[in-house]
Amino acid sequence: MNLSGKVALITGASSGIGEGVAKALALKGVKLGLAARRTDKLQLVLTEIQKQGGEACIIEMDVTDKESVTEGVAKLLNQFGSIDILVNNAGIMPVSDIDTFKIDEWEKMVDVNIKGVLNVTSSVLPELIKQKSGHIINLSSIAGRKLFKGLSVYCGTKFFVAAFSDIMRMEIGKKHNIRVTSIQPGAVATNLYDQISDAALKEGMENLSNQMTFLSPNDIADSMIYVLEAPNHVDVSELFILPTDQEW
Ligand code: NDP
């Protein structure tokens, strides 16, 4: 499928995977809504995209706030007239052991990684149903198919994303001609681990980069382009992508 001229909303486009995917899709001629809370970071991404001849707009959005999401989607529709692709990428990972009772962090993960996906999906899906086409890509994780000590709530949120994606695919694929994909990366070099407040777990995560060559956001972008460019009758429903030397 030719992506040129399609319109995509990417949440969490201010850094890491979202930023990498935004830049790669812009090079394919996709018009982008760059959504996140840090508009200064989004401005840097926008400037780079525009320098390369791409088209995009900044959307200040907190995915946990339904009103902010509704306004952001309206802004994108106003700017580009339609929406074809949604990348539910925004996510956080402040992991900790259960018996440290970091309840605020558990709730934040549920709010961003689960409710955020529901908020954005419920705002965008009616548009895709109306036009009887579209593609929703959700960022799950290796933590959405395997269990890791210390990652209980995070794993729960990413298992949710994988389950939600596949059931959504069953319900809207044939009925509305909308493709759904869950992407489950292993370790990717981003700032995701910065928010871990548990010192031992943070160190453990940071040490992983000594044990393997992390994927780059660009590697995820390449796989996403493969998924998006597949002919319309092909839905890559799940993509599990790991560093070659990530054994577990
Ligand atoms: P980053 O921390 O670099 O990016 C996270 C993005 O999420 C930021 O752009 C941030 O933007 C955005 N975000 C966080 N909270 C909100 C919010 N409330 N509203 C809107 N946007 C928000 O991490 P990654 O790029 O690594 O993470 C992207 C996704 O990939 C996540 O869902 C993560 O779980 C998943 N993933 C990452 C892996 C990895 O190893 N890095 C592996 C597997 C999956 P801002 O702060 O500006 O709002």
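Predicted model: local features only at pLDDT ≥ 70, side-chain atom pairs only at ≥ 80, totals over all residues.

Colleague: What makes strand 2 and strand 3 a pair?

Modeller: Pairing asks for at least two bridges between two strands, and five bridges join strand 2 to strand 3, which run parallel. Helix 2 (residues 39-51) packs on the sheet here and touches both strand 2 and strand 3, its direction making about 175° with that of strand 3.

Colleague: How do you know that strand 1 pairs with strand 2, and in which sense?

Modeller: Strand 1 and strand 2 (residues 31-36) share five bridges in the parallel sense, against a requirement of at least two, so the term pair applies. Within this pairing, A8 stands opposite L32 in strand 2. With helix 1 (residues 16-27) included, strand 1 and strand 2 make a right-handed β-α-β unit.

Colleague: What joins strand 1 to strand 4?

Modeller: Three bridges join strand 1 to strand 4 (residues 85-88), and the two run parallel; since at least two are needed, this too is a pair. In strand 4, V87 is the residue that stands opposite I10.

Colleague: In what order do the strands lie in the sheet, and why are strand 3 and strand 7 called edge strands?

Modeller: The open sheet is formed by seven strands in the order 3-2-1-4-5-6-7, with parallel pairing. Strand 3 (56-60) and strand 7 (238-241) are the edge strands, as each pairs on one side only. From one strand to the next, the twist averages 15°. Elsewhere, helix 5 (residues 152-176) lies across strand 5 (134-139) and strand 6 (178-185), and runs at about 160° to strand 6.

Colleague: Why is V21 called buried?

Modeller: V21, whose place is in helix 1, has a relative accessible area of 2%, and buried means under 20%, so the label follows. Leaving out residues up to four places away in sequence, V21 touches I10, A221 and M224. The C-alpha atoms of V21 and A221 are separated by 4.6 Å, although these residues are 200 residues apart along the chain.

Colleague: What does the side chain of N113 reach?

Modeller: The side chain of N113 reaches the backbone oxygen of I92 at 2.9 Å, which is within the 3.5 Å limit for a polar contact.

Colleague: How do you know that Q184 is buried, and what joins its side chain to that of S140?

Modeller: Q184 belongs to strand 6, and its relative accessibility of 2% makes it buried, the limit being under 20%. A polar contact of 3.3 Å joins the side chains of Q184 and S140, and that distance is within 3.5 Å. Beyond its neighbours within four places in sequence, Q184 is in contact with several residues, among them S141, A162, L239 and F240.

Colleague: Which residues come nearest to the ligand?

Modeller: Of the 31 residues around the ligand, S14, R37, R38, Y154 and T190 come nearest. An N or O atom in the side chain of S14 is 2.8 Å from an oxygen atom of the ligand, and one in the side chain of D62 is 2.9 Å from a nitrogen atom of the ligand. For N89, a backbone N or O atom lies 2.8 Å from an oxygen atom of the ligand.

Methods: Residues numbered from 1 in each chain as written. Heavy atoms only, no water. Helix = DSSP H or I, 4+ residues; strand = E, 2+ residues; numbered from the N terminus. Right-handed = clockwise from strand over helix to strand, strands pointing away. Axes fitted to C-alpha atoms, helices over the stretch in contact; angles between N-to-C directions. Contact = heavy atoms within 4.5 Å. Buried < 20%, exposed > 50% of the residue type's maximum accessible area, 1.4 Å probe, protein only. Near = heavy atom within 4 Å. Polar contact = N/O pair within 3.5 Å; in protein donor to acceptor, adjacent residues only side chain to side chain.
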